[in-house]
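Please have your viewer ready.

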Amino acid sequence: VQAPGESLLTVDLDALAANFAVVRAQAEGAETAPVLKADGYGLGVGPVGRRLWAEGARSFFVARLSEAEALRRELSDRPAAVYVLDGAGAGSAARFQAASLIPVLSAIEQADYWLKAAGSPAALHVDTGMNRLGVSFEEAQAIAASGQPIDLVVSHLSDAALPEHPHNPRQLARFQAARALFPAARASLAASAGAFLGPDYRFDMVRPGVSLFGGGPREKPDPRLKAVARLQSPILQVRRIQAGDQIGYGSMFTAARPMRVGVLGAGYADGVIRGVYGQASAWVGAARAPILTVSMDLIAIDLEDCPDAGVGDLAELLGPSALLDDLAAAARSVPHEILVRLGRRAERVYLGDDH
Ligand SMILES: *Cc1c(COP(=O)(O)O)cnc(C)c1O
């Protein structure tokens, strides 16, 4: 870290590769197709995509057409199937064809458009109960009857993080019926959480996103998965405050006792969700330092258990000690949101970027 206030975001691509291997082992015979929407969950679709390709990934999913074009550029001459979850909007066929991209058709209008404008095989998203994207079973029947070439049938689970949730078997049954309409197509139902639900949910392909980046399939830390993103920020000042003193804006924190407080050069502009104050901790070495306040550029932490910590030392806000799922729970969010908010202000370092 050169400048005094600069945070450091380390993206550990070796940990990413290890997580990919864990998910792939869960998937057994099914293909493991990484989901790299939102710039590879905020960690850089280029380095992340190339490393996963080096580990054997040959199919990828993104949300937007522009994300798919970016991934194709980043993969350069590495052959891979790149699927666009948004599907094909009117007038988009030329862009799909120019970059050899595959739409995941998710509405009957899209299917009609694609058949006329391109006619090449596409994926089809069938809704099984989530009510976001996807055609109904009846619409899927009509598409099947039309003879439109569909080589992958996709759906998405709403509650896979809860293995006992009744939505899982209900969506599974609906998906089995939908995929039977397209006997020649491959099938994919599971994202990260679904990949860990057992063999019934794997079909031909699983689509993990967050687990590749260390998010546990049950929305809590999973010891099999490693932290990929590590955000560390320097202690800019250490100050002593007295009982009754407050820190920062308003009354975010008022000391009940004399305290030693560290002020870090990071804030919500670096992706630390403001609401984690009072809920989450930073780590200084092996010691936990509770987060007292969060503002745009500065975070105050309690150094009670870190007697040796001083100005210039780095505190970990996210990483192998400050676990992604714990931070997400403290923010009343999901690990996906924490990752995509990490932003561009921190200096970025990639470990294992030589593939
Ligand atoms: C985002 C997404 C995924 C990946 O989800 P994770 O929970 O990150 O594994 C898979 N499939 C679809 C359709 C998605 O939108």
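## The second largest pocket

The lining of the second largest pocket is made of 15 residues, and I247, G248, V263, T293 and A300 are the ones nearest its centre. Elements that give two or more residues to this lining are β10 (229-241), β11 (246-247), β13 (259-264), β15 (287-294) and β16 (299-302). Helices (H or I, at least four residues) and strands (E, at least two) are DSSP runs, numbered from the N terminus.

The space in this second largest pocket comes to about 210 Å³. Its lining divides into 10 nonpolar, 4 polar and 1 charged residues. In this scheme Ala, Val, Leu, Ile, Met, Phe, Trp, Tyr, Cys and Pro are nonpolar, Asp, Glu, Lys and Arg are charged, and the others, Gly among them, are polar.

## How the model and spaces are handled

This is a predicted model, where local features need pLDDT of at least 70 and side-chain atom pairs count only at pLDDT 80 or more, while totals for chains, interfaces and linings use all residues. Residues are numbered from 1 along each chain as its sequence is written, and side-chain values use heavy atoms, with hydrogens and water left out.

Spaces are found on a 1 Å grid over the protein atoms alone: a cavity is a set of points where a 1.4 Å probe fits but cannot get out, a pocket is an open set with protein on both sides within 12 Å along at least five of seven lines, and lining residues have an atom within 4 Å of a point. Grid points are joined across faces, edges and corners, and a volume is the space filled by probe spheres set on the points.

## The largest pocket

The largest pocket has a volume of about 840 Å³. Of the 34 residues that line it, K37, R132, H156, A191 and H336 lie nearest its centre. Two or more lining residues come from each of α2 (37-41), α9 (192-195) and α11 (335-340), and α9 gives the largest share, 3 residues. By class, the lining of the largest pocket has 18 nonpolar, 8 polar and 8 charged residues.

## The ligand

Where does the ligand sit? The space it takes is the largest pocket, by the rule that more than half of a molecule's atoms lie within 2 Å of the grid points. Around the ligand are 13 residues (a heavy atom within 4 Å), and the closest are K37, Y41, S192, G209 and V210. This shell has 6 nonpolar, 4 polar and 3 charged residues.

Polar contacts here are pairs of N or O atoms within 3.5 Å. A ligand oxygen is 2.5 Å from a side-chain N or O atom of Y41, and a ligand oxygen is also 2.5 Å from a side-chain N or O atom of S192.

## The cavity

The whole structure has 1 cavity of 30 Å³ or more. The largest cavity is lined by L231, G271, V272, L318, L327, I338 and L342.

Notes. A polar contact is a pair of N or O atoms within 3.5 Å; within protein, one must be able to donate a hydrogen and the other to accept it, and residues adjacent in sequence count only if both atoms are side-chain atoms.
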